[in-house]
Amino acid sequence: MALSRGLRCCQRVFSWIPVLIITAVVLWSYYAYVFELCLFTITNTLEKVAYLLLFHVCFVMFSWTYWKSIFTPPASPCKKFQLSYSDKQRYEMEDRPDAQKQILVEIAKKLPIFTRAQSGAIRFCDRCQVLKPDRCHHCSVCEMCVLKMDHHCPWVNNCVGFSNYKFFLLFLAYSMVYCIFIAATVFQYFLKFWEGVLPNGPAKFHVLFLMFVALMFFVSLMFLFGYHCWLVAKNRSTLEAFSAPVFANGPDKNGFNVSMRRNLEQVFGENRRLWFIPVFTSQGNGHYFALKNRSSESQNPLLANEDMWEESDDGSEEGKDVDPSVTIEMEE
């Protein structure tokens with residue numbers, strides 16, 4: 001037990017290494033650009049002031065989005081999807097698998113669950129003791145079920161999902177802006193140092209290296225950001241891109257694709273003035289997502305309106321039944 005706890009502690013410490021690497025590179029880039037380039041190399045005052053102002057705008061937006069991506073906790077299923085104390089006791093005391101499945105079927109009747117496991121069964125996480133909402137997956141690193149999980153990113157040491165996906169996309173976007181701004185403004189001084197027009201000194205190493213690092217990161221970020229833009233346009237997560245979500249009528253990789261505009265609004269919200277600001281504006285609560293084929297929703301008024309099943313203080317909501325023939329499959 002003590003050894004296992006110690007290993008988990010070491011794992012948590014080492015998981016911050018990628019974040020520390022990114023932080024160190026960014027802090028060095030700040031020093032190299034502000035001090036070595038702007039203050040010690042550029043002689044034109046107007047150019048120096050303009051570069052410093054624009055650089056700090058990019059730097060602040062990059063830092064803000066990176067901070068939000070790292071420290072926004074992943075969202076987990078609400079209590080409606082968890083086994084209550086009495087249901088958990090019934091479930092654990094029951095030895096017959098069929099009876100256990102029936103207990104879970106009764107709980108699932110009031111929940112807006114449309115996706116299934118590969119076998120066609122409703123997905124259940126035995127570790128978290130929750131019925132998984134649509135697009136929810138268990139993260140073995142975070143040791144929890146994450147709503148609309150996209151992937152676990154070591155560079156932010158966090159699960160990217162419903163609660164911080166917008167922040168992650170903005171982080172990628174502002175990282176690209178940060179890199180391309182540095183590369184564009186450093187380029188003329190890079191050539192001057194390279195051709196020997198400017199004298200050798202400490203600034204030469206910083207400026208040359210700054211150019212290479214900015215371009216290297218920009219190219220890698222461009223492909224990653226482009227891929228996630230494609231995912232947003234199709235309303236898919238990274239996990240769904242590799243394994244299509246399964247519905248009652250089978251797998252459908254476009255099951256959540258409800259049009260380009262609505263797909264964007266699900267992530268960024270309806271207020272377009274806030275799209276590029278790292279504040280949470282995503283639609284919904286992560287438990288329910290509109291479907292491309294709404295026929296199954298229209299058959300069940302409870303599932304067609306997520307407001308009817310959201311939690312209340314007294315927990316007295318009642319809902320209509322989902323098809324009781326659906327079975328339950330244990331998943332991790």
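A disulfide is defined here as a pair of cysteine sulfur atoms within 2.5 Å. By this criterion the structure holds zero disulfides. The model is a predicted one, in which local features need pLDDT of at least 70 and side-chain atom pairs count only at pLDDT 80 or more, while totals for chains, interfaces and linings use all residues. Residues are numbered from 1 along each chain as its sequence is written, and side-chain values use heavy atoms, with hydrogens and water left out.

The cysteine sulfurs were examined individually. For C136, the closest cysteine sulfur is that of C145, at 4.6 Å, which is too far for a bond. Burial was assigned from relative accessible area (1.4 Å probe, protein chains only): buried means under 20%, exposed over 50%, and partly exposed in between. C136 is buried, because its relative accessible area is 0%. The sulfur of C153 has its closest cysteine counterpart in C159, but the separation of 9.8 Å is too far for a bond. C153 is likewise classed as buried, with a relative accessibility of 7%.

Two residues other than glycine adopt positive phi values. In R135, phi is about 75°. This residue lies in the loop between β2 (130–131) and β3 (137–139); strands (E, at least two residues) and helices (H or I, at least four) are DSSP runs numbered from the N terminus. R135 counts as buried because its relative accessibility is 3%. The charged end of R135 sits over the ring of F256, 4.3 Å from the ring centre, and over that of F289, 5.0 Å from the centre. Such an arrangement requires NZ of Lys or CZ of Arg to be within 6 Å of the ring centre and within 35 degrees of the ring normal. The second residue is N157, with phi near 50°, located in the loop between β5 (151–153) and β6 (158–160). With 16% relative accessibility, N157 is also buried.

A search of the whole structure finds 25 aromatic pairs. Rings of Phe, Tyr and Trp (its six-membered ring) were paired if their centres lie within 6.5 Å, with planes under 30 degrees apart counted as stacked, over 60 as edge-to-face and the rest as tilted. Y33 and F55 form a stacked pair, with 4.5 Å between centres and 10° between planes. Y227 and W230 both lie in helix α7 (residues 202–234), three residues apart, or about one turn of the helix. Y227 is partly exposed at 29% relative accessible area, and W230 is partly exposed at 38%. One aromatic cluster is formed by Y30, Y33, F55, F59, F62, Y66, F168, F171, Y178 and F181.

Side chains of opposite charge can pair when their charged atoms come close. The structure holds four salt bridges, each a side-chain nitrogen of Lys or Arg within 4 Å of a carboxyl oxygen of Asp or Glu. One of them joins D87 to R90, with the closest N and O atoms 3.1 Å apart. D87 and R90 both lie in helix α4 (residues 85–93), three residues apart, about one turn of the helix. D87 is buried at 17% relative accessibility, whereas R90 is partly exposed at 37%. Another salt bridge connects E265 and R261, with a closest N and O separation of 3.2 Å. These residues both lie in helix α9 (residues 260–268), four residues apart, about one turn of the helix. E265 is buried at 11%, and R261 is partly exposed at 48%. R96 and E94 also meet in a salt bridge (3.0 Å, N to O); R96 is exposed, with a relative accessibility of 55%.

On the surface, F14, I17, I21 and W155 form a nonpolar patch with about 410 Å² of accessible area together. Patches are made of residues with over 30% relative accessible area and no salt bridge, like charges being joined within 9 Å and nonpolar side chains (Val, Leu, Ile, Met, Phe, Trp, Tyr) within 5 Å. Accessible areas come from the Shrake-Rupley method with a 1.4 Å probe, and for residues only the protein chains shown count as cover.
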